Structures are given as structure tokens and as C-alpha cells.
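This report looks at strands, salt bridges and pockets in one protein. The sequence and the structure come next.

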Amino acid sequence: MPKHAPSCRIRPATAQDIDLLWEALAIAAYEPSVAAARAVPLVAEHLAGWPRPGDFGVIAEQAGRYAGAAWARQYTPAENPSFYVDASTPELSIGVAAAARGQGVGQALLTGLIAAARGRRVGLCLNVRDSNPAIRLYERNGFRRVP
């Protein structure tokens, strides 16, 4: 069981957080760097034009330092079909900085994003590799695998 991160603070993501979101996206997409994540169109779609109408997210900080980010983006049917569920279910992305893993930061981010989604009256979905150890986190929070 992860340690609780008592100094973990969750705050809303803003347009000024774009560099932090790119760091999280590189982690989430298993890319070696932000530059690599930006170079893969399928990955870059998750943050292109951030924030678009309907985008929302949260940033985690520990002792005043960036620890991770989670955000949701509502796609349209015209965009990549694997990202579109319906008009009220944005896809979430989440990345936790290496130094902050195993301390409850991922749970705090997910809890914050779920609360933000409820406040907007939308659901959440995500795409995740079967080998991703975070699947347990998602399942503990009510996400279910769909073929």
C-alpha cells in the first residue's frame, strides 16, 4: 500500500501549467522526454491547444514542487476514435513524477480529477496498457476494463 503524502496539495490546472502537463504526458505515454511526446501526433493530441473548451485538470505539488498532473479532454467523433466515447465522457491522462511515485500522489490526482468531473457532470474514461501497474489504481477508483 502506498504511503500517504501529507504534503501533497492538489490544485486546478491552468493554461500556465502547460509545461507541467507535457511532463506528465511524456510519463503517461512512456515517452523518454517531452520533445519525444510532442513528436508523436497520437500523443500530442492530448494537449494540442490546451486548454480547449471543456478541458480541465489538476496539478499535484509536494513541498511546493511539482509532483504530477491529471487532466481530461473531451474529444469529438471526428478526432481519433479510440479517444471518443460520447459527448459527456472525456478521456483522462495522468502522470506522476518519478520522485513522487508510491506516495499516494496518483490517488490524490485521480480523486481531484474525479471530483472536477462530477462538478461538471461528466464521466471519465482512459486508455491504458495492460502492463501498466496503475491499472490497480484505476480499478480501485471504479474504472472497469472494456474490450
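## Buried charges

A residue is called buried when its relative accessible area is under 20%, and exposed when that area is over 50%; partly exposed residues lie in between. By this definition Arg11 and Asp17 are both buried. The model used here is a predicted one.

Side chains of opposite charge can pair when their charged atoms come close. Arg11 and Asp17 form a salt bridge, and their closest N and O atoms are 2.8 Å apart. Arg11 also has a salt bridge to Glu61, where the closest N and O atoms are 2.9 Å apart. Since Arg11 lies in strand β1 (residues 8-12) and Glu61 in strand β2 (residues 56-62), this pair ties together parts that are 50 residues apart in sequence. Glu61 is buried, as is Arg11.

## Other salt bridges

How many salt bridges does the structure hold? The number is seven. A network of salt bridges links Arg9, Arg11, Asp17 and Glu61.

Another salt bridge joins Glu79 to Arg52, with 2.7 Å between the closest N and O atoms. Glu79 lies in the loop between β3 (65-73) and β4, and Arg52 lies in the loop between α3 and β2, so the pair ties together parts that are 27 residues apart in sequence. Glu79 is partly exposed because its relative accessible area is 21%, which falls between the cut-offs of 20% and 50%. Arg52 is partly exposed as well, with a relative accessible area of 24%.

Strands β2 and β3 run antiparallel and are joined by seven bridges. In this pairing, Ile59 stands opposite Ala69 of β3. The two strands form a hairpin with two residues between them. Ala63, in the turn, has a positive phi of about 50 degrees.

β3 also pairs with β4, again in the antiparallel sense, over six bridges. Here Ala70 stands opposite Ile94, a residue of β4. Is β3 largely enclosed or left open by the rest of the structure? Seven of the nine residues of β3 are buried, so the strand is largely enclosed. In a regular strand the side chains alternate between the two faces of the sheet.

## The largest pocket

The largest pocket holds about 1200 Å³ of space. Its lining consists of 42 residues, and those nearest the centre are Ile94, Gly95, Asn132, Ala134 and Tyr138.

The largest share, six residues, comes from β4. Sorted by class, the lining of the largest pocket has 24 nonpolar, 12 polar and six charged residues.

## The second largest pocket

The second largest pocket has a volume of about 430 Å³. It is lined by 19 residues. Nearest its centre lie Leu126, Val128, Arg144, Arg145 and Val146. The lining of the second largest pocket divides into 13 nonpolar, two polar and four charged residues.

Technical notes: Residues numbered from 1 in each chain as written. Predicted model: local features only at pLDDT ≥ 70, side-chain atom pairs only at ≥ 80, totals over all residues. Heavy atoms only, no water. 1 Å grid on protein atoms, 1.4 Å probe; cavity = no way out; pocket = protein on both sides within 12 Å on 5 of 7 lines; lining within 4 Å. Points joined across faces, edges and corners; volume = space filled by probe spheres on them. Helix = DSSP H or I, 4+ residues; strand = E, 2+ residues; numbered from the N terminus. Nonpolar A, V, L, I, M, F, W, Y, C, P; charged D, E, K, R; others polar. Salt bridge = Lys/Arg side-chain N within 4 Å of Asp/Glu carboxyl O. Buried < 20%, exposed > 50% of the residue type's maximum accessible area, 1.4 Å probe, protein only. Pairing = 2+ DSSP bridges.
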